[in-house]
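Look at the structure first, then read the points below.

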Amino acid sequence: GETVANDMLQRGVRTFENKSGNPKDTQNGATSGSVRSTANRFLSAIVRHETSTSPASSQQPEFVMAFAGYSVTVGRGNHLEQSYPFVLEHVLAPILELPPLGIKLIVRNSAIGGIPSFPYGWCLSNFLGEDADMVSWDYGMNEGNGASGLESYVRQSLMMPKSPPLFVLLDMKRPRLDLLQKYVDLGVLPDPIALGGRDAVDKKLLQLPEEDRPSGLQKWNEWGAPKGAPGQSPWHPKKMEHELLGWMMAMHMMDALDVALEDMEHDVDWRSKILVREQQQNESAEVFLPPPVTDVSQTGAASILHGTALELDGAKWHMNHISCRTSFLPNISGYLTSIVESGVTKNKEDMLQSRDDSLFKEGWVMDVGKLERDTKLKVLKYGGLGYIDMKTALYGIPSSGTLKVWLPYEGRARKNSIKPDDHADASKYFNAIILCEVNEKRGDNECNMMSDLAFRVGDAAVSKSSVSRVKDVASYLKKDICIRVEIPEEAKISFKNGQTNGFGVAVEVTVTGAGVSRENGACSISHVIWENQ
């Protein structure tokens with residue numbers, strides 16, 4: 001009955017209230033809280049639309065919920081449309097469309113099977129979109145029990161345009177719940193939620209005969225995709241668990257909608273209150289972060305993960321703008337090939353077609369690994385199941401020659417229209433470059449990014465001592481998949497193709513390891529990330 005359903009909702013949706021005794025916001029005389037903050041998001045969507053002067057603005061307010069994570073969020077074993085983000089959309093979208101709200105709900109499932117939270121976390125705008133009101137990650141299957149990766153991911157999300165986002169964690173592990181509570185108490189995250197699926201279900205109900213169970217728990221052990229489809233593993237939620245997750249999140253969101261509708265009906269000044277709040281947020285030119293809770297000093301990428309403390313106020317941290325280009329799909333903006341200057345083989349074959357060895361003698365090749373290709377081909381036997389994720393990368397061997405990319409400067413100086421002198425020192429504008437390989441299962445003789453690659457940055461050679469592993473945070477199957485390349489003192493900026501309205505730095509990558517081969521595992525680059533000064 002109702003009591004059982006409410007108990008399930010309590011177990012399955014965890015909200016966080018500010019326990020610091022210093023709530024940031026009040027409205028209608030009520031103390032700000034998680035549900036109130038989420039309600040304000042819907043009201044803000046309406047006010048932003050009403051006050052927008054952009055000719056490109058949509059015909060109605062929009063609210064964007066962008067989901068990220070592993071194969072759990074993708075919905076492996078089921079159809080993509082049966083994954084919990086789209087269950088949520090099916091429930092919530094018609095309600096948001098109704099007057100007086102009139103909000104168009106946009107749901108994106110940008111999860112990618114078998115990837116860690118980084119380097120994905122450096123590329124949130126690429127995968128989720130700069131218009132995302134909500135972001136998520138699922139930690140239920142991977143990355144241990146610690147909170148370090150989550151904190152880095154949260155801090156990256158706080159640098160997105162609509163900061164702070166509604167943050168959704170698909171996990172109920174105590175260290176990560178405590179991390180979110182800490183960020184709520186600090187006044188940084190106003191309304192995060194944590195979701196748990198099967199843990200929310202009273203196991204006694206699942207022991208009942210099928211016909212005696214509540215309808216939402218019937219067919220609990222059935223997959224949404226045909227029997228035998230890839231991904232039907234014990235650790236993946238089946239169709240009805242996705243239904244449960246989507247409905248539980250929808251119920252939480254409808255609590256917030258009730259508060260928003262109450263304001264619209266009874267508070268004649270709700271628009272002005274929301275507008276004042278929006279203006280206050282926009283007045284801050286820079287997002288300041290709290291000191292981090294976890295320690296990433298040993299990763300070799302602390303500033304790009306957590307930011308740095310202000311010199312005059314150690315209680316405030318700031319983060320330089322992090323840029324990303326990636327070949328992983330789905331990709332909304334910032335595709336890897338957009339920064340390629342030369343050294344890539346032109347190939348129009350379908351990505352699932354095997355590449356001929358001759359292509360690798362003409363340059364680096366956009367390709368997928370053997371396991372990725374084999375898995376996708378198996379999925380195609382079941383009609384594709386709607387999946388849109390794919391781990392593509394540029395692959396190279398010694399005969400592929402030099403890959404040259406050009407990284408545009410996207411930091412503060414660009415926003416302030418500062419034009420540097422020709423051939424100015426690149427280290428003045430770029431702090432470091434992160435290169436990540438595709439995460440896949442390969443043998444012991446695969447390419448080693450540390451020893452098998454040579455680099456030039458800004459027309460200056462990079463010494464071996466200036467290349468280091470990014471440790472622990474970007475790891476797959478206990479293997480670190482990213483390296484940090486320092487900017488040489490001699491490196492210079494350049495203007496692309498003679499243009500004078502934008503500058504950047506050229507990066508050249510060459511496979512020098514004589515033993516690198518396609519058979520053993522070619523070198524690959526799937527993400528290029530750089531920190532702008």
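Cysteine 447 and cysteine 523 form a disulfide, with 2.0 Å between their sulfur atoms. A disulfide here is a pair of cysteine sulfur atoms within 2.5 Å. The model is predicted: local features need pLDDT of at least 70, side-chain atom pairs count only at pLDDT 80 or more, and totals for chains, interfaces and linings use all residues. Residues are numbered from 1 along each chain as its sequence is written, and side-chain values use heavy atoms, leaving out hydrogens and water.

**Cysteine 447 and cysteine 523**
- The link is right-handed, with 85° about the S-S bond.
- Cysteine 447 sits in the loop between S16 and strand S17 (453-457) and cysteine 523 in strand S25 (residues 523-525), so the pair ties together parts 76 residues apart in sequence.
- Strands are DSSP runs of E, at least two residues, and helices are runs of H or I, at least four, numbered from the N terminus.

**Cysteine 436 and cysteine 482**
- These two also form a disulfide, S to S 2.0 Å.
- Cysteine 436 is in strand S16 (residues 430-436) and cysteine 482 in strand S22 (residues 482-486), 46 residues apart.

**Cysteine 123 and cysteine 324**
- A disulfide joins this pair, S to S 2.0 Å.
- Cysteine 123 lies in the loop between helix H5 (117-120) and helix H6 (124-128), and cysteine 324 in strand S11 (residues 322-326), 201 residues apart.

**Overall pattern**
- The count is three disulfides.
- Counting bonded cysteines along the chain, the pattern is 1-2, 3-5, 4-6.
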